Amino acid sequence: MANFTAADVKALREETGAGMMDVKNALTEADGDKDKALEIIRLKGLKSLSKREGREALAGLIVAAVNGNVGTMVEVNSETDFVAKNQKFIDFAGQVLEAAVAANAGDLEALLAAPAGDGTVQDLVNQMGAVVGEKVEVRRVARVEGENVDLYLHQTNPDLPAQVGVFVVTDANGAEVAHDIAMHVAAFRPSWLDRDSIPSDILDKERDTLTKLTLQDGKPEAIVPKIVEGRLNAFYKDNCLVDQDFARDPSQTVGKVLKGKNAKVTEFVRFQVGA
């Protein structure tokens, strides 16, 4: 009989994030030796990397950091929340973030190729997937820069790491309200900063749809364009940050709050795990 206890299984599972049977089998094969069991889990995981390629990694966490006037945010994914909240996985995500900051990585290709440990970030990803026995991936990275960069990380579940991350970049005058706006972005999910930021093809499609709906309502053709422009305001309010009612004071839009501070938001980024 293998020389290990239920407590040993629990401890190794918490350390690696691997499944219970994988841990038990590894400890059995290693005759209770923890270090050997860790190596067995890692090697078996590496061999099964290709089998996990078709699986979905929709759990995970958001990590981010602000260094001076530069912000870096990364989404790191696993298949289950059990792995996502494991300290080993959280530490791994921190390593990925450190590599992104050091490499000034602004896109996924640059991040995966960035130096990390004895190899690259991609090597770290493969190693972590091997240990936990799940598909692990770095989904995206964002790098922002400006006079003032504010970060807000939100836990949608208190038992899990941050699932939502927001950067709001403002001028110096916007620093006072930047964090409240970041919290607003987390909750209200605007797609664009303002009307000028909406891609023309998306706006044209929305205008065309509203035109057809207005004509179906039986409105005279002569007044349809005016009605459509009025209905577009609802679209702007749903999707443009500056047009949305401010979460802290719905009597004002975000744009009016900024105007009152003689401030402006130059950019925002919102990541949500799996979204």
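## Before we start

Residues are numbered from 1 along each chain as its sequence is written. Since the model is predicted, local features need pLDDT of at least 70 and side-chain atom pairs count only at pLDDT 80 or more, while totals for chains, interfaces and linings use all residues; side-chain values use heavy atoms, with hydrogens and water left out.

Helices (H or I, at least four residues) and strands (E, at least two) are DSSP runs, numbered from the N terminus. UniProt lists residues 71–274, in an unreviewed entry, as "domain: Translation elongation factor EFTs/EF1B dimerisation". UniProt positions follow the numbering used here, feature names are shortened, and annotations may be inferred rather than shown by experiment. Over residues 71–274, the chain is 46% helix and 25% strand, and the C-alpha atoms at the ends are 21 Å apart.

Two strands count as paired if DSSP finds at least two bridges between them.

S1 pairs with strand S2 (residues 70–78) in the antiparallel sense over nine bridges. Val 66, for example, has Gly 71 in S2 as its bridge partner.

## Two nonpolar cores

In soluble globular proteins, nonpolar side chains tend to be buried together. A nonpolar core is a set of buried Ala, Val, Leu, Ile, Met, Phe, Trp, Tyr and Cys residues joined through side-chain atoms within 4.5 Å. Buried means under 20% relative accessible area, exposed means over 50%, and partly exposed is in between (1.4 Å probe, protein chains only).

The largest core has 25 residues, of which Val 74, Phe 89, Phe 92, Leu 111 and Val 121 touch the most other members. Two or more residues come from each of S1, S2, H5, helix H7 (121–132) and S5, and H5 gives the most, with seven. Leaving aside residues up to four places away in sequence, Val 121 touches Val 96, Ala 99, Leu 111, Leu 112, Ala 114, Ala 116 and Val 138; contact means heavy atoms within 4.5 Å. Another core lies apart from this one and has 18 residues, including Val 166, Val 168, Val 254 and Val 265.

## The sheet S6-S7-S10

A further open sheet has three strands in the order S6-S7-S10, again with antiparallel pairing. S6 and S10 are the edge strands, each pairing on one side only. Neighbouring strands are turned by 10 degrees against each other on average, direction ignored.

Seven bridges join strand S6 (residues 148–154) to S7, with Asn 148 partnered by Thr 170 and Tyr 152 by Val 166. S7 also pairs with strand S10 (residues 265–272) over seven bridges, and there Val 164 has Gln 272 as its partner.

How many residues of strand S7 (residues 164–170) are buried? The count is seven of its seven residues. Val 164, Val 166, Val 168 and Thr 170 point one way, and Gly 165, Phe 167 and Val 169 point the other way. In a regular strand the side chains alternate between the two faces of the sheet.

## Salt bridges

A salt bridge is a side-chain nitrogen of Lys or Arg within 4 Å of a carboxyl oxygen of Asp or Glu, and by this rule the count comes to 10. One of them joins Asp 180 and Arg 248, with the closest N and O atoms 2.9 Å apart. Asp 180 lies in helix H8 (residues 175–188) and Arg 248 in the loop between strand S8 (245–246) and strand S9 (249–253), so the pair ties together parts 68 residues apart in sequence. Arg 248 is exposed, at 59% relative accessible area.

Asp 208 and Lys 212 form another, at 3.3 Å between the closest N and O atoms. Both lie in helix H9 (residues 200–216), four residues apart, about one turn of the helix. Arg 143 and Glu 145 are also bridged, at 3.6 Å; Arg 143 is partly exposed at 31%, and Glu 145 is partly exposed at 47%. Finally, Glu 75, Arg 139 and Arg 140 are linked in a network of salt bridges.

How values were computed: Axes fitted to C-alpha atoms, helices over the stretch in contact; angles between N-to-C directions.
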